[in-house]
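Dear colleague,

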Amino acid sequence: DISVNSKVQIDQLSVGRWDFPFWLRAYYDEDLFQRIKDHSLPFLKTLRPARLNQALGKYEQADSGFRTLEDAPEDVSGLFHEERDYFKILNMFYQRRDAEVRRRVPRYLEKYPDSRRKSMLNYLLAHSLERNRKHQEAIRVYPAGANFEGRGQLTTAGP
């Protein structure tokens, strides 16, 4: 529909489709998007080294990186601690530290009840339960009742 002007919202800046040809230089040459992101979401840069180790499968180094951020102050976005704590749980999940995942997910959801990570954390929790043959508990936790491959519904019978 030509009457719709799709927009990209970054912090207080909104860029519409007709802006893009004129914003290319600011976006690429002057790195405007990165500067706005660094200003609005500074925790991304702070978490980056630990997250890169995590993405590369270097989970012990990621743990070490997250530990160095334990006493770091909250940033201007108010999301740093929430995101840090989420990625720490994700790292535990990757390491199959399921007992820790099962303890920490409920604490996280209690501390950050409005978190946008809620569905993903329930997914991680359900998979941790399933890996430990706690199928019925996993069914109660898993988002929307979907199966662990993302298709269909869970059955009540265990594997």
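Please note that the model is a predicted one. H5 is mostly covered, since 13 of its 15 residues count as buried. After H5 comes Arg96, which has a positive phi near 60 degrees.

His81 belongs to H5, the helix formed by residues 80-94. Leaving aside residues up to four places away in sequence, His81 touches Ala72, Pro73, Glu74 and Tyr112.

H3 packs on H5 at an angle of about 5 degrees, and their axes are 10 Å apart. The two helices are therefore roughly parallel to each other, as angles under 35 degrees are counted that way. On the H3 side the contact is made by Phe43, Thr46, Leu47, Arg51 and Gln54, and on the H5 side by Phe80, Glu83, Arg84, Phe87, Leu90, Asn91 and Tyr94.

H3 also meets helix H4, which comprises residues 59-67; the axes of the two come within 7 Å and cross at roughly 160 degrees. That angle makes H3 roughly antiparallel to H4, the cut-off for this being 145 degrees. The crossing of H3 past H4 is left-handed. In this contact, Leu47, Ala50, Asn53 and Gln54 of H3 meet Tyr59, Gln61, Ala62, Gly65 and Phe66 of H4.

**Gln54**

Is Gln54 buried or exposed? Gln54 counts as buried because its relative accessibility is 2%, and the limit for that class is under 20%. The side chain of Gln54 reaches the backbone oxygen of Phe87 at 2.9 Å. Not counting residues up to four places away in sequence, Gln54 touches Tyr59, Ala62, Phe66, Phe87, Leu90, Asn91 and Tyr94.

**Helix H6**

H6 consists of 14 residues, 98-111, and reaches 20 Å from its first C-alpha to its last, close to the 20 Å expected at 1.5 Å a residue. Which residues of H6 are buried? They are Asp98, Val101, Val105, Tyr108 and Leu109. The cover over these buried residues includes H5 and helix H7, residues 118-131.

**The chain as a whole**

The secondary structure of the protein chain comes to 8 helices and 2 strands. Read from the N terminus on, the order of elements is β-β-α-α-α-α-α-α-α-α. Of the 159 residues in the protein chain, 35% are buried. Among contacts between residues at least 6 apart in sequence, 39% join residues at least 24 apart.

With kind regards

Terms used: Residues are numbered from 1 along each chain as its sequence is written. This is a predicted model: local features need pLDDT of at least 70, side-chain atom pairs count only at pLDDT 80 or more; totals for chains, interfaces and linings use all residues. Side-chain values use heavy atoms; hydrogens and water are left out. Buried means under 20% relative accessible area, exposed over 50%, partly exposed in between (1.4 Å probe, protein chains only). A polar contact is a pair of N or O atoms within 3.5 Å; within protein, one must be able to donate a hydrogen and the other to accept it, and residues adjacent in sequence count only if both atoms are side-chain atoms. Contact means heavy atoms within 4.5 Å. Helices (H or I, at least four residues) and strands (E, at least two) are DSSP runs, numbered from the N terminus. The expected span of a helix is 1.5 Å times one less than its number of residues. Axes are lines fitted to C-alpha atoms, for helices over the stretch in contact, and angles run from 0 to 180 degrees between N-to-C directions. Angles under 35 degrees count as roughly parallel, over 145 as roughly antiparallel, 65 to 115 as roughly perpendicular and the rest as oblique. A crossing is left-handed if the near helix is turned anticlockwise from the far one by less than a right angle, and right-handed if clockwise.
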